[in-house]
Amino acid sequence: MPSWVKASDASLTAGTPEPLPAARPPGAHPDALIFTGRTWPLFGRVLLVRLCQYQYIVVPTPWVNTSFYRWSVHHIALPNGKPVGFAGKPGDIWYVFILLALCALAGNIHWSLQLLALPLMALFEWMIMRWFFANLIWSGRLAPLQFTGGFWPLLGWMALTALA
């Protein structure tokens, strides 16, 4: 095949998924990231994440969230057509996912407990974002991405969301 290369010449990072066909919608900007996932699989995965994080099913939260991130990233088409993947593992920061789920669970006991736990929840969300971006992988990556957003702005947005 004309597009094949020798395995010794390939520069793919271990764990990088196969590229998805990047069907760009008409009129999409050529430098735009495109989500290629389908609606119902996305809905099912979001529902599972929410059930685990905000209901009484706390233990599988690290595995469910990591699986969701991996599936979502696999369905992102980069402008250059290169595949992108997610290398994070549930065991990396399992305790953060569990603590976040327990804080959210406190809101089921009484809404005021969730408001009191809001700073902790913002801290855990901030830690998860930093972990997520550091674990994005693609071929030709020179250095890991870093999430440079701050804790205080995130806490402010979460407080506004809670008030809404």
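**Reading helix packing and the core**

Student: At roughly what angle do the axes of H2 and H3 cross?

Tutor: The axes of H2 and H3 cross at roughly 105° and come within 8 Å. An axis is a line fitted to C-alpha atoms, for helices over the stretch in contact, with angles from 0 to 180 degrees between N-to-C directions. H2 and H3 are therefore roughly perpendicular to each other (roughly parallel is under 35 degrees, roughly antiparallel over 145, roughly perpendicular 65 to 115, and the rest oblique). This is a predicted model, in which local features need pLDDT of at least 70 and side-chain atom pairs count only at pLDDT 80 or more, while totals for chains, interfaces and linings use all residues. Residues are numbered from 1 along each chain as its sequence is written, and side-chain values use heavy atoms, with hydrogens and water left out.

Student: Which residues of H2 and H3 meet?

Tutor: Contact means heavy atoms within 4.5 Å. From H2 come Thr61, Pro62, Asn65, Thr66 and Tyr69, and they meet Trp94, Phe97, Ile98 and Ala101 in H3. By class, this contact has six nonpolar, three polar and no charged residues (nonpolar: Ala, Val, Leu, Ile, Met, Phe, Trp, Tyr, Cys and Pro; charged: Asp, Glu, Lys and Arg; polar: the others, Gly among them).

Student: Is threonine 61 buried or exposed?

Tutor: Buried means under 20% relative accessible area, exposed over 50%, and partly exposed in between, with a 1.4 Å probe and protein chains only. Threonine 61 lies in helix H2 and is buried, with a relative accessible area of 0%. Leaving aside neighbours within four places in sequence, threonine 61 is in contact with Cys52, Gln53, Phe97 and Ala101. Over the chain, buried residues make up 33% of the 164 residues.

Student: How many helices and strands does the chain have?

Tutor: Both are DSSP runs numbered from the N terminus: helices are H or I with at least four residues, strands E with at least two. The chain has six helices and four strands, in the order β-α-α-β-β-α-α-α-β-α along the sequence. Among contacts between residues at least 6 apart in sequence, 70% join residues at least 24 apart.

Student: Which residues have the most contacts inside the largest nonpolar core?

Tutor: In soluble globular proteins, nonpolar side chains tend to be buried together. A nonpolar core is a set of buried Ala, Val, Leu, Ile, Met, Phe, Trp, Tyr and Cys residues joined through side-chain atoms within 4.5 Å. The largest one here has 28 residues, and Tyr69, Phe86, Ile128 and Trp131 have the most contacts inside it. H1 (39-54), H2 (61-74), S3 (84-86), H3 (94-109), H5 (118-134) and H6 (151-163) each supply at least two residues of this core, and H5 gives the most, with seven.

Student: What does tryptophan 131 touch?

Tutor: Not counting residues up to four places away in sequence, tryptophan 131 touches Thr66, Tyr69, Phe86, Gly88, Lys89, Asp92, Ile93 and Phe97.

Student: At roughly what angle do the axes of H2 and H5 cross?

Tutor: They cross at roughly 45° and come within 12 Å, and H2 and H5 are therefore oblique to each other. Thr66, Tyr69 and Val73 in H2 meet Ile128, Trp131 and Phe132 in H5. The contact of H2 with H5 has five nonpolar, one polar and no charged residues.

Student: Where is alanine 87 found?

Tutor: Alanine 87 is in the loop between S3 and H3, and at 28% relative accessibility it counts as partly exposed. Its C-alpha atom is separated by 6.3 Å from that of leucine 136, 49 residues apart along the chain. Leaving aside neighbours within four places in sequence, alanine 87 is in contact with Arg70, Asn135 and Ile137.
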